[in-house]
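Colleague: Before I rely on any of the words used for this model, could you take me through them one at a time and set each value against its cut-off?

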Amino acid sequence: MSAASEPVVELRNIVKRFGSVEALSGVTMTVRHGEVLGLLGDNGAGKSTLIKTLAGVHDPDEGEIIVKGEIRKPWTPAAARDAGIETVFQDRALAPQHSIVTNIFMGREITNSLGLLRVQMQIDEANRLMREIGFTSKVFNPESTVGTLSGGERQGVAIARALYNQADVIVLDEPTTALSLTETQKVFRFVEAVKSSGRTVVFIGHNIHHVWDIADRFFVIDRGTEAFEGAKSSFTGADHLIEMMHQLAETGSADTSSLLEPA
Amino acid sequence: MRMNTVNDATNNANSEDHRTEQSQWTLFYRKNGRALNAFLALVLVWVFFAVNNPTLFLNPLYYNAFLFSVPATIFLTTSLVFVIVSGELDLAFPSVVGAAGGVFMYSVVLGVPVIPAFLLTMGFGALIGLGIGLIVVYGRISSLVATLGLNFFILGIVNLLAQGRTISAPEAMNSFGYTLFVGKWHLFDTTLRVPNHFIWSLVWVAFCYVLFKYHRFGNRVQLVGDNTDSAREMGINIERIRVSVFIVSGVAAAITGALLVQMANMVWFPTSGKAYLLIALAALFVGGTPTWGGVGTIFGAFFGAMTVTLIPSGAVGAGFAGYWTDFIFGLVIILTMIAHRFSGARVR
């Protein structure tokens, strides 16, 4: 077994209820080291509950969360972060009137013992993080205002910020929603850079084509449980995946016998 | 194969970037435009008055009254930058000025020396600011409404306790503390007499500048005001920041209150802060801090305080009859507001 297939995060039999509604009814999902895992599912399938569980926003009612072989309890946003899981939510949590560097260090400023900002150190670190994901341009630098950046670039700021915490797993919640093709390509480039730096990415998307382009493996959730999963090589193409998603939407289950043996 | 497609598309994306690199000057103006505009407004107002009466405005003696009265507005305006930038509003500071003056006065009357009495008053300001902050943040009341009510309430309590009297302690004017806070000295051999409280106001501006721009606290005040939800998601304690800005405002109001007592030759008027409500807010906005929160400028507020202090006496000095003052005041406010639009509308 190669290092690339070792599990970094395992969710086992996760159940999450909101009052009488069971949003997740026993989901088991494994995120493997160094992969880009594409998470798919219809609206209301439980995708966003699953992401918030991964991020520590929800502590599951039943089931276990295992990170690097250790069961983690209690499970909070701080615990998830300590475990090396950084989530970039859809709203990206940016302050548009402030610089890229201020946004990267939001809530985690580098200061001296008096609480004074180490300005140059932050700029150098921001430059390093931006270079690491190939997020550089002549038209902006770490001191540029985030509000002047495009949608894909703002996603880049959020991803660079996630990297600052030495995260092993970066969870991107619909990072390409409402982005143009050009901007989507920018985000893909950031994801490729994060992957080639040896980190793991969980990529959530609505647009199956976007997820298909970027992911190595797919996990499809439906009505709070796993519908099917498979490596990219077990599908004949994006159309195969889409066909199975359609089947799932219409009949409530997908015919997994059509999946190819993984190469 | 797929990697190549992605890279090709991205390279195309980069070459199609039509935005141009910005010059150093553009970037400098983007970051400091509001403070520069506020400075420009001050200079223009001064030039406008000076050309009407050059002999008066070039005589150092004229600025004695200006240097004496401007510090109160400087203390209040610069501290309000924190409040407005965090997304809150404080209308209660005039009552804190009056109440703090009373605390200072009673301490001196009871035999506390001036310097400890001053520090005690600052502590009182911090405490009352904390109280106001807790009511606004944990009472979940809009700060506009809460501080409007608290302003009347605190002033009311002070009036009840003072029963309309003013209190004086002229003997304290011989103390070292009094000289330290409000003593005056000639600048070189000129007729210009610099009051110490003007120097203290410069120290306060420097302190606020560092706190606002280079300290984690000021940084977080700006982030909370820019996007509260983002700041919370990134682990910033929103409530603590929002309460703290009222403490900054309370301390500044207390300093102002204690200084006003000393400036009035150790006489306390319970309503001494009332006149500063609209003056300080006007100075803040002339100074270039926008109403919507997230960004602001301490130096701009400093220039704004100088501008609004210069206008009433300057207009008269320039030969305008007293009834012109409000008109000129309004004109300056509106024109600077328009000028601030040019240094950047809000980005989202």
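Modeller: Chain B has 15 helices and four strands, where helices (H or I, at least four residues) and strands (E, at least two) are DSSP runs numbered from the N terminus. This is a predicted model, in which local features need pLDDT of at least 70 and side-chain atom pairs count only at pLDDT 80 or more, while totals for chains, interfaces and linings use all residues. Residues are numbered from 1 along each chain as its sequence is written, and chains are lettered from A and ligands numbered from 1 in the order in which they are written.

Colleague: What makes Phe246(B) count as buried or exposed?

Modeller: A residue is buried if 20 or more other C-beta atoms lie within 10 Å of its own, exposed if 12 or fewer, and partly exposed in between, with C-beta atoms placed from the backbone. Phe246(B), which belongs to helix 12 (residues 238–263) of chain B, has 32 other C-beta atoms within 10 Å and is therefore buried. Over the whole of chain B, 46% of the 348 residues count as buried.

Colleague: Which residues does Phe246(B) touch, leaving out those up to four places away in sequence?

Modeller: Two residues are in contact if their C-beta atoms, placed from the backbone, lie within 7 Å; on that basis Phe246(B) touches Val83(B), Asp90(B), Gly129(B), Ile132(B), Gly133(B) and Val136(B).

Colleague: Why is Pro270(B) called buried, when its place is in a loop?

Modeller: Pro270(B) sits in the loop between strand 4 (267–268) and helix 13 of chain B, but the term rests on the count of C-beta atoms, and Pro270(B) has 24 C-beta neighbours inside 10 Å, so it counts as buried. Once neighbours within four places in sequence are set aside, its contacts are Gly98(B), Gly102(B), Val158(B), Asn159(B) and Ala162(B).

Colleague: How do you know that the buried residues of helix 15 of chain B line one face?

Modeller: The buried residues of helix 15 (residues 325–342) of chain B are Val332(B), Thr336(B) and His340(B). Seen down the axis, they fall within an arc of 65°, so they line one face of the helix; the arc is that of the directions from the helix axis to the C-beta atoms. An α-helix has 3.6 residues a turn, so residues three or four places apart point the same way. The buried residues of helix 15 of chain B pack against helix 2 (24–52), helix 13 (276–286) and helix 14 of chain B, whereas the face turned away from the buried side carries exposed residues, among them Asp326(B), Ile334(B) and Arg341(B).

Colleague: Why are helix 9 and helix 14 of chain B called roughly antiparallel?

Modeller: The axes of helix 9 (residues 196–214) and helix 14 (residues 298–317) of chain B come within 9 Å and cross at roughly 150°. Angles under 35 degrees count as roughly parallel, over 145 as roughly antiparallel, 65 to 115 as roughly perpendicular and the rest as oblique, and these two helices of chain B are therefore roughly antiparallel to each other. The contact is made by Val205(B), Cys208(B), Tyr209(B) and Phe212(B) of helix 9 and by Ile298(B), Phe299(B) and Phe302(B) of helix 14.

Colleague: How many residues of chain A are in contact with chain B?

Modeller: There are 28 residues of chain A in contact with 30 residues of chain B, and helix 6 (residues 181–196) of chain A gives the most to the chain A side, with six residues.

Notes:
Axes fitted to C-alpha atoms, helices over the stretch in contact; angles between N-to-C directions.
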